[in-house]
Amino acid sequence: MSAKAISEQTGKELLYKNICTSAAVQNRFHYASVTAETDWARLTQDHSWLLTERLVVKPDQLIKRRGKLGLVGINKDLQGVREWLKDHLMKETTVGKAKGVLKNFLIEPFVPHTQEEEFYVCIYATREGDHVLFHHEGGVEVGDVDAKAQKLMVPVDGKLTEDLVKEQLLTQVPDDKKDVLASFIVGLFNLYEDLYFTYLEINPLVVNQDGVYVLDMAAKIDGTADYICKAKWGDLEFPPPFGREAYPEEAYIADLDAKSGASLKLTLLNPRGRIWTMVAGGGASVVYSDTICDLGGVDELANYGEYSGAPSEQQTYDYAKTILSLMTREKHPLGKVLIIGGSIANFTNVAATFKGIVRAIKDYQGPLKEHEVTIFVRRGGPNYQEGLRVMGEVGKTTGIPIHVFGTETHMTAIVGMALGHRPIPNQPPMDAHTANFLLNASNSAATPATTRTASFSEPKSPTDTCPAKKCKAGLPTAKATTLFRKNTKTIVWGMQTRAVQGMLDFDYVCSREEPSVAAMVYPFTGDHKQKFYWGHKEILLPVYKNMADAMKKHPEVDVLISFASLRSAFDSTVEAMQYPQIHTIAIIAEGIPEALTRKVIKMADEKGVTIIGPATVGGIKPGCFKIGNTGGMLDNILASKLYRPGSVAYVSRSGGMSNELNNIISRTTDGVYEGVAIGGDRYPGSTFMDHVLRYQDTPGIKMIVVLGEIGGTEEYKICQGIKEGRITKPVVCWCIGTCATMFASEVQFGHAGACANQASETAVAKNQALRDAGAYVPKSFDELGDVINLELTGFRVPHCYCELGLIRKPASFMTSICDERGQELIYAGMSITEVFREEIGIGGVLGLLWFQRRLPRYACQFIEMCLMVTADHGPAVSGAHNTIVCARAGKDLISSLTSGLLTIGDRFGGALDAAAKQFSKAFDSGMIPMEFVNKMKKDGKLIMGIGHRVKSINNPDMRVQILKDFVKQNFPSTQLLDYALDVEKITTSKKPNLILNVDGFIGVAFVDMLRTCGGFTRDEADEFVEIGALNGIFVLGRSMGFIGHYLDQKRLKQGLYRHPWDDISYVLPEHMSM
């Protein structure tokens, strides 16, 4: 939930602390809170003004129109306030449909004033901007402010000025009050924006000669902005609406929800009720509540709640045991029912969540049987068959009546069974699907990858992308009508390997020529490749550290799927919209502050980008493309026939319910053409109407299905479109949330936008309006499939394919550098014929096999020179010595070579890597050479690559000189080498042999080559250093010398080596006698 109501005391405290205005705001922090436990002596000690001033007292429990209800005590002294409270405190009262106890009261100073000094001001958010309402006659009798008030809309990113306020809002205000009011309203608006309010109303606002008085205030803030505003908000409490108690169990679940990446919600409606629910999914939970109320169970409905977003087994256990504990506290003469329902999950592991529920049922089996609880289960999604099996088994072992159903049963059918409105089938038919048959193992056109470990990461020129249409200068860019095609390519932001694999599986069964995912972006690791399956084969997809590299290397991409967290989703989306190639962005994250979402929407409208989300699972176009986890696993893709297009398109808010629509449409029509879940937030990036109009203009679509919900007014635009003839195709529409009008108090459902702020936003009103406009509206969600089937009769439902039961087997190895299986050997995509024809040499071959790059000529020459100068350094060094000793012991070439290579490490040969890392780190951190030398000395560390036993500044190493001349003449830049040479000047001034040796030179020069040759990103260059590529140069070069020493010893027929005694210092302990 985003917009959360706060108490009047909390709202005023935030206002008094944070408002910035030249108007004199009076009575700051002059309020006192009173409950039944209040110590009056302590209260008057803390608030001495209570003893001296006239007072106002009123309940502070989110009650509207308190004055008209006689719930405000005015102009009383402290004794009068206490007398007034005797008649009201802890007394039950009725406000509208809600009946509750008055527990919390607010006492404030009484402000004498006239009617002419009362004003009304209100600020509230809409999709387009923030509306400021002002009326010059405030107070209890303000009436219909929507009709009477002056209005001013401040667009998203707009600014409110005092001149604008005076010009448009204060036209009927006396001149002597305009400056004060204008300053206060601008300050109030800035406060509203800075503290992420979504609604702020003051009535009356009193302005007199002393200043401004905020008498009554009502406010809501965007709870999702907690991570931004925590310092200014402090620890806020969000009271329940009047008529509903705040239960500790609700607070416990809210705490679980806050600590989890999943969604866990619980609202107690009637703890004595006999109908309890445990429903998965924000949309599905509303549908189940609707159905219970439609079937007459509103008075017995005990709770509303939902769990979604793939909670863990432990989280589900904690959630389930809380509900089971609540429902087994009081007996009901008719027994109780527990409805464990849900739509077909997209990504939640049903078996894992059901294990948590089963654990709770086992723990509470005694109380459940004692309270005569019957459980009804209906679920679908990943591993749902195992989940249902486990649930059925626990019913048999515990003796608790548990009736289990899968996707073959309509989602809400179990409600009718639980309430006795329909019979309970003995053994319902079970759907069993496996989609492995679609993963063809042959090399047919359906499996286009020609190699076991193919790579689709090479960028290609765009062929059939659909960019947004260009418009005249100054006008927003028009958005694309067709979002997804058979060759649509996407970048996935976030390391969501499971979602990407699901997309590739879908692509494969739809016979796409290439995967829809071109690359992934993940800022928290370096550039690398990630392994995935393409059918039965394994492929590599590139992962980039930054978006710029991904966009540059994959110009064919026009869709971004963002799995960024709620904290980073805004920045990553704004960054993505800077690239003109992107025309569709799906934002999966839930909990993005509404103010940030509105900024994204504005920018997207200006750039012609279609936004799907936030708080969405995405969308799907059968046979073409799917976003992330949409559509679930392959068994559901098969069951709902999503591998080929039908002729029905739908748009929904709920992600889980979109998968349920896939199921319903596939069973009643020829299937889905396209489906989009726009997300459950108040301001989704694209609206119902955006997609309905796209569907209207798409020839292959014959019917449009809309699953709306309580909250907002977007569905009325569909009504208008039908009436005006803009929408001519059949529209089947149902708005969920009809139960809300039956509840005594306001209930915030699972989606942030699922809350009606006025009568026209209720589901009942919208369903009637759609019906009147000519849309096909069922009587309930239960009948949605029947209406769709009735309006789309005569369409052939295609048959499914046969199941072959094939499985995927992981390969034992993966390689991306060489392929010997074809007509000729291939090195990193370059045939051996081309290798010789191009004369790339040993350096070029090494570039292909080590770096997967065709390196520039000078780089190849440099590598070859490095191999030459590191080939040998005489028989005295440890590696050559070991090789010689081993050869003279009669060992073979491989053993002798290995003996020498095993000596390579930090003390011998390993200085290449270490020098490259040390110098790079110092240079990149901005240290000047002297700082670097001093720091290494202070830390007691050697500078790797500096120093030589024989060579010095007076006796230079010609190997270094040869390499230096070549590098300076051919490299485009030698920043790190220059840095190392500056370090050498400092070290040789201390001791002449502290020169930059050949290891150090190769190390720093190689880094310069990697960074400046144009073939690598900075991260890629650094990664090759990190994983030991430079030591590989030494190993390869020195192997030539070791082999030479081996052959030399064999040719000279040298015998077994024994070290002479006179070259050994024997140091033994002295003999000790007793």
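This tour of a predicted model goes from a sheet to a helix pair and then to the nonpolar cores.

Start with the open sheet of seven strands, whose order is S22-S23-S21-S20-S24-S25-S26 and whose pairing is mixed. Select 528–534 and 610–612 for its edges: these are strands S22 and S26, each pairing on one side only. Looking across the sheet, neighbouring strands are turned by 25° against each other on average, direction ignored.

Next select residues 559–562 and 584–587, strands S24 and S25. The two run parallel and are joined by four bridges. Ser562 has Ile587 in S25 as its bridge partner.

Now move to residues 714–723, helix H22, and residues 763–773, helix H23. Their axes come within 9 Å and cross at roughly 10°; the two helices are therefore roughly parallel to each other. To view the contact, show Glu715, Tyr716, Ile718, Cys719, Ile722 and Lys723 of H22 together with Ala765, Lys766, Ala769, Leu770 and Ala773 of H23. The residues of this contact comprise eight nonpolar, three charged and no polar.

Ile718 leads on to the largest nonpolar core, which has 98 residues; Ile718 is listed with Ile561, Val705, Val706 and Phe781 as having the most contacts inside it. Select 497–509 to see helix H15, which gives the most to this core, with seven residues.

Then centre on Ile561. Beyond its neighbours within four places in sequence, its contacts include Trp493, Met503, Ala586, Ile588, Phe625 and Ile627. Finish at a second, separate core of 76 residues, where Leu152, Leu191, Ile585 and Val600 are among the members.

How values were computed. Residues are numbered from 1 along each chain as its sequence is written. This is a predicted model: local features need pLDDT of at least 70, side-chain atom pairs count only at pLDDT 80 or more; totals for chains, interfaces and linings use all residues. Side-chain values use heavy atoms; hydrogens and water are left out. Two strands pair if DSSP finds at least two bridges between them. Axes are lines fitted to C-alpha atoms, for helices over the stretch in contact, and angles run from 0 to 180 degrees between N-to-C directions. Angles under 35 degrees count as roughly parallel, over 145 as roughly antiparallel, 65 to 115 as roughly perpendicular and the rest as oblique. Contact means heavy atoms within 4.5 Å. Ala, Val, Leu, Ile, Met, Phe, Trp, Tyr, Cys and Pro count as nonpolar, Asp, Glu, Lys and Arg as charged, and the others, Gly among them, as polar. A nonpolar core is a set of buried Ala, Val, Leu, Ile, Met, Phe, Trp, Tyr and Cys residues joined through side-chain atoms within 4.5 Å. Buried means under 20% relative accessible area, exposed over 50%, partly exposed in between (1.4 Å probe, protein chains only).
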